Amino acid sequence: MMGKFWYKIGPIIVVVIAIFVLWYAAAVGLNTAWAKDKAKRAGVELTTSEIIKDTMSQKKPKLPAPHQVGAEIWKTTVEKKVTSKRSLIYHSSVTLSSTLLGFVMGTSLGIALAVGIVYNRTMDMSVMPWVIASQTIPILAIAPMIIVVLNAVGISGLLPKAVISMYLSFFPVVVGMVKGLRSPDHMQLDQMKTWSASGSQQFWKLRLPSSMPYLFTSLKIAMAAALVGAIIGELPTGAVAGLGARLLAGSYYGQTIQIWSALIMAAALAASLVGIIGMIQAVVLKRMGMVQ
Amino acid sequence: MAQCQSGPSQPHSASGANILTTDPVISAKNLSLTFQTNDGPVHALKDVNLDINKGDFVSFIGPSGCGKTTFLRVMADLEKPTEGEITVNGVSAEEARKARAYGYVFQHAGLYPWRTIGGNIRLPLEIMGTSKSEQDAAVKEVLELVHLDGFEKKFPWQLSGGMQQRASIARALAFHADILLMDEPFGALDEIVRDHLNEQLLELWARTNKTIGFVTHSIPEAVYLSTKIVVMSPRPGRITDVIESTLPKERPLDIRDSPEFIEIAHRVRDGLRAGHEDDV
Ligand SMILES: Nc1ncnc2c1ncn2[C@@H]1O[C@H](COP(=O)(O)OP(=O)(O)OP(=O)(O)O)[C@@H](O)[C@H]1O
Ligand SMILES: [Mg+2]
């Protein structure tokens, strides 16, 4: 039992330790110049250990050390009221809500398009090139336009950001679901025909269940994409709230610690969202008898 | 080419339960099917004539590519003939399919991995709108027929290949169609399992009095099971011989050592060889 636990957890711990070691080393390397600079202007000579100590406690380091980011995250989550403008929980929840809304919209759009493509010849021929073209346009270029255009028609707040999330997240769902809905082979479709099944029976009883493994894989990618979309959507809004706003404000004022703590929060958010989908996937596929 | 009109056949010895039905259940007249491929036309079936009567157990045997699967698929309306006519239960193959006149067993079991054995058998019944209680009864009944009682709640991957194949036969039986079409259902199984399933199939056929079309590559299997053996040959796919079996309906496994059995097997082998010769 213990052995199995370590077998699973061991490699993860090794990787995490390696990341921390590298991170500290990089922090020392990148921040040394500034530490020496400061010392020179103050006219003091620093020993190596003093320099290393200084690189880990600067106010605006090039690369903050892990414990500095940790402390900042602690300060802005546990020690701040959730309603406070400086609480990372507050900002995360703002980003989370547009991520989730965009994810739901993107997934619905993606599934709808996939069903259309699979069942309608005209859509099969015409839609896919546009879907692919939509993803070749850099999102950073059109995100401000989407915000401005939607603002002009009186839509502001959550929805414009969610639209950008949707724009990024529908793509993996379309691609995955077209493949999934087409995954039944000739024999399975012929079988349906021998029972004289209707089109909708074929969809609900064969195509949709067959597509489940593909759907969940797509959903994980879509969720990560939706989060990126939400953060990008927060950048042009004047950086009022959300993790994107923290990133932007941080870079205005050179608050690297703030930037990094927002980044870590975003990564943690993405990891937990994808993890939740993974858990649902495990339960659903297990109940469907599709994992052994 | 041998003429293969089997005519209104004499229902042989013991299978005379439906002696009054004279119309064939399946009737093919001058049936041809040509596939247009990139390498030119492929004559999968050419001028095929065959009548199958109620209660017949008809085997189709012949070398690979001689059109056995294609013929069965035409009967099932999964393929449209390019020429000629096919009727099933007196109507067109399409009407018969829509009336769910037959159960079809594919070469691979093709069970849905996300459904239990019971769920798989239930599937055609759900599609046909059968009531829940009738579904339950049918599942129980056909699982007993194929000797899989107790496996209703298992998933396909928990069963052996032979058991999966039996489950897929059970599924084809579940909606009580009078015709059962089977395309090399036991092709992938070992000899012992195959013998066992052959016995069970005969027992099932005797109990249900279904009309069965059965594709196989094995001469002993064809002779052991059939009341009528259709020998086919390729390029173009056609029928070269139709052999009426003289074996009794009651067939223990050791009937395969009887002189009668061996003689029929010889005729089948000769038929296969003849088809091969005029091909060269
Ligand atoms: N969909 C198709 N398109 C083109 N050619 C086909 C198609 N289906 C079958 N054929 C061709 O028709 C011929 C008969 O095929 P069929 O599958 O009926 O043979 P078979 O007797 O069942 O062979 P086997 O014993 O190998 O299963 C073959 O030459 C095959 O290549
Ligand atoms: Mg075949």
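**Entry 1: ligand 1 and its contacts**

I started with Ser64(B), where a polar side-chain atom lies 2.4 Å from an oxygen atom of ligand 1. I keep in mind that this is a predicted model. Next I looked up Lys68(B): a polar atom of its side chain is 2.7 Å from an oxygen atom of the ligand. Then I turned to Thr70(B). An N or O atom in its side chain lies 2.4 Å from an oxygen atom of ligand 1. I also noted the area: alone, ligand 1 exposes 630 Å², and the protein buries 63% of that.

**Entry 2: the shell**

How many residues surround ligand 1? I found 13. The closest are Ser64(B), Gly65(B), Lys68(B), Thr69(B) and Thr70(B). I sorted the shell by type: four residues are nonpolar, seven are polar and two are charged. I checked the pockets too, and ligand 1 sits in the largest pocket.

Which elements of chain B supply at least two residues each of this shell? I listed strand S1 (26-37), strand S2 (40-52) and helix H1 (68-75). H1(B) gives the largest share, three residues.

**Entry 3: helix H1(B)**

I stayed with this helix. Is H1(B) largely enclosed or largely open? Seven of its eight residues are buried, so the rest of the structure largely encloses H1(B). I wrote down the buried ones: Lys68(B), Thr70(B), Phe71(B), Leu72(B), Arg73(B), Val74(B) and Met75(B). Two of these names were already in my first entry. Lys68(B) has its polar atom 2.7 Å from a ligand oxygen, and Thr70(B) has one at 2.4 Å. After the helix I came to Asp77(B), which follows H1(B) and has a positive phi, near 60°.

**Entry 4: Asn120(B)**

I moved on to helix H3 of chain B, residues 117-127, where Asn120(B) has its place. Is Asn120(B) buried or exposed? Its relative accessible area is 1%; buried means under 20%, so Asn120(B) counts as buried. I then looked for a partner. The side chain of Asn120(B) makes a polar contact with the side chain of Arg171(B), at 3.3 Å.

**Entry 5: Lys154(B)**

My last stop was a loop. Lys154(B) is found between helix H4 (132-145) and helix H5 (161-173) of chain B. I read a relative accessible area of 36% for Lys154(B), which makes this residue partly exposed. I also checked Lys154(B) against Arg115(B). They are 39 residues apart along the chain, and 8.8 Å separates their C-alpha atoms.

Note on methods
Residues are numbered from 1 along each chain as its sequence is written. Chains are lettered from A and ligands numbered from 1 in the order in which they are written. This is a predicted model: local features need pLDDT of at least 70, side-chain atom pairs count only at pLDDT 80 or more; totals for chains, interfaces and linings use all residues. Side-chain values use heavy atoms; hydrogens and water are left out. A residue is near a molecule or strand if one of its heavy atoms lies within 4 Å of it. A polar contact is a pair of N or O atoms within 3.5 Å; within protein, one must be able to donate a hydrogen and the other to accept it, and residues adjacent in sequence count only if both atoms are side-chain atoms. Accessible areas come from the Shrake-Rupley method with a 1.4 Å probe; for residues, only the protein chains shown count as cover. On a 1 Å grid over the protein atoms alone, a cavity is a set of points where a 1.4 Å probe fits but cannot get out, and a pocket is an open set with protein on both sides within 12 Å along at least five of seven lines; lining residues have an atom within 4 Å of a point. A molecule sits in a cavity or pocket if more than half of its atoms lie within 2 Å of its grid points. Helices (H or I, at least four residues) and strands (E, at least two) are DSSP runs, numbered from the N terminus. Ala, Val, Leu, Ile, Met, Phe, Trp, Tyr, Cys and Pro count as nonpolar, Asp, Glu, Lys and Arg as charged, and the others, Gly among them, as polar. Buried means under 20% relative accessible area, exposed over 50%, partly exposed in between (1.4 Å probe, protein chains only).
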